[in-house]
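Work through the exercises below with the model open. Try each task before reading its solution.

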Amino acid sequence: MNNRQLTFAREFRGFSQTELANSIAGLSQSNLSKFEKGLDSLSENTQSKIIEFLGFPTEFFERKIGNTIENANYRKKATISKAVVQEFEYKCRLIGYIVDQMSEDIDWPPFTFAPLNVEEGFSPSYVANYNRKLCKLSADAPVKDIITIVEGKGVIVYELDAYEKFDGVSFITDNGFPIIIVNNTFSNDRKRFTIAHELGHLLLHNDSNFPVSAYRQKEKEANEFASEFLMPENEIKHSLRGLRLNDLGVLKQHWLTSMASLLRRAKDLNCIDENRYKYFLIEMSRLGYSKKEPSNVFIDEPKCFKSAYKLFTNELNYSNQELSKYFALPEDVLDEIFAFDKKLRVIR
């Protein structure tokens with residue numbers, strides 16, 4: 001039994017070391033702790049009891065699940081319990097693991113974006129415009145089918161009904177496949193910006209696929225990338241000069257971004273000053289727009305992961321039991337991850 005896999009399964013099921021030890025006859029918390037640290041062994045009988053209790057296939061404990069989560073984007077992370085963050089990140093790691101396992105039998109779309117590391121002097125705006133051109137977007141065009149575009153160039157997008165203070169996450173799987181996971185409970189304009197933000201992380205913060213730069217700086221750079229990718233300066237700047245509150249709704253429907261993002265863009269491009277920006281924010285709050293903006297915008301749906309699942313079930317004819325064996329994961333876990341009409345939930 002791989003000690004790290006035991007820790008993964010235990011924490012994924014939400015048990016502390018003490019709770020698991022109290023549930024297994026003959027197992028003490030101290031012995032479990034030593035085993036998980038790789039300092040001790042457990043008898044085969046005890047291991048069998050643990051495996052049965054946690055409900056993971058025996059083969060799971062011989063696998064290795066890595067997929068480090070570096071670019072998780074939380075709002076006010078300090079207010080989120082460690083358990084909630086851990087549960088969410090374990091599920092993201094499982095999605096990455098499943099993508100890697102599937103790659104043994106299917107070909108994911110090749111990654112054809114152009115990562116240009118900011119550490120080497122490329123500005124986020126330059127990288128955004130360079131990749132817009134790779135996507136064959138005309139200079140004045142909004143990014144309408146953002147998920148289709150991103151997936152078509154080799155980034156797998158997964159929507160997850162998540163804790164409200166989580167926005168999105170991006171990471172490279174152990175086998176080198178880029179993934180963006182976005183909170184499906186948010187408005188479409190917010191999801192669109194989050195996807196662009198996470199794409200920014202993938203393209204900007206890479207050094208042999210290892211994230212670099214300080215957290216705050218990375219977030220600022222990813223936001224600059226997303227703003228330029230969705231609202232190119234040369235095309236939107238003239239529309240933001242002399243901005244009025246009534247203009248925001250029209251601009252939102254054209255650029256498919258939130259009114260709040262448009263306001264921030266106007267400020268960052270010096271189309272409005274600080275006082276005007278504050279005035280708009282006050283008016284937005286008075287009208288209730290800071291909590292829920294009027295009207296929604298279009299967003300397309302992720303298809304890559306879902307299509308891969310259908311290939312396994314419809315064309316390769318895998319049953320639920322066979323998928324459980326293939327991935328060495330419990331059926332209840334796979335039922336959640338592949339429940340596309342009822343997204344995987346991480347809500348406390």
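**Exercise 1.** Find the residue just after H12 that takes a positive phi, and give the angle.

*Solution.* Go to the end of H12. Just after this helix sits asparagine 270, with a positive phi of about 60°. Keep in mind that this is a predicted model.

**Exercise 2.** Which residues of H12 are buried, and which helices are included in their cover?

*Solution.* 
1. Pick out the buried positions: Met259, Ser261, Leu262, Leu263, Arg265 and Ala266.
2. Recall the helix geometry. An α-helix has 3.6 residues a turn, so residues three or four places apart point the same way.
3. Identify the cover. It includes H8 (188–204), H9 (215–230), H10 (233–240), H11 (245–255) and H13 (274–286).

**Exercise 3.** Which residues make the nonpolar surface patch of about 270 Å²? Classify tyrosine 126.

*Solution.* 
1. The patch is made by Tyr126, Tyr130 and Leu134.
2. Tyrosine 126 lies in helix H6, residues 124–134.
3. Its relative accessibility is 42%.

**Exercise 4.** Where is confidence lowest and where is it highest in the chain?

*Solution.* 
1. Start with the average. The chain has a mean pLDDT of 89, and 92% of the residues score at least 70.
2. Strand S5 (residues 345–346) is lowest, with a mean of 46; helix H7 (residues 146–152) is highest, at 98.
3. Residues 208–212 have pLDDT below 50, with 11 contacts in the model beyond near neighbours in sequence. Residues 343–348 stay under 50, with 27 contacts beyond four places in sequence.
4. Apply caution. Where pLDDT is low, the predicted coordinates should not be read in detail.

**Exercise 5.** What radius of gyration does the chain have, and what would a compact globule have?

*Solution.* 
1. For 348 residues, a compact globule would have a radius near 20 Å.
2. The chain has 23 Å, which agrees.
3. The C-alpha trace spans about 75 × 40 × 40 Å along its principal axes.
4. Of the 348 residues, 53% are buried.

Conventions
Residues are numbered from 1 along each chain as its sequence is written. This is a predicted model: local features need pLDDT of at least 70, side-chain atom pairs count only at pLDDT 80 or more; totals for chains, interfaces and linings use all residues. Side-chain values use heavy atoms; hydrogens and water are left out. Buried means under 20% relative accessible area, exposed over 50%, partly exposed in between (1.4 Å probe, protein chains only). Helices (H or I, at least four residues) and strands (E, at least two) are DSSP runs, numbered from the N terminus. Contact means heavy atoms within 4.5 Å. Patches are made of residues with over 30% relative accessible area and no salt bridge: like charges are joined within 9 Å, nonpolar side chains (Val, Leu, Ile, Met, Phe, Trp, Tyr) within 5 Å. Accessible areas come from the Shrake-Rupley method with a 1.4 Å probe; for residues, only the protein chains shown count as cover. A salt bridge is a side-chain nitrogen of Lys or Arg within 4 Å of a carboxyl oxygen of Asp or Glu. pLDDT is the predictor's confidence in each residue, from 0 to 100. The radius of gyration is taken over C-alpha atoms; the globule rule is 2.2 Å times the number of residues to the power 0.38.
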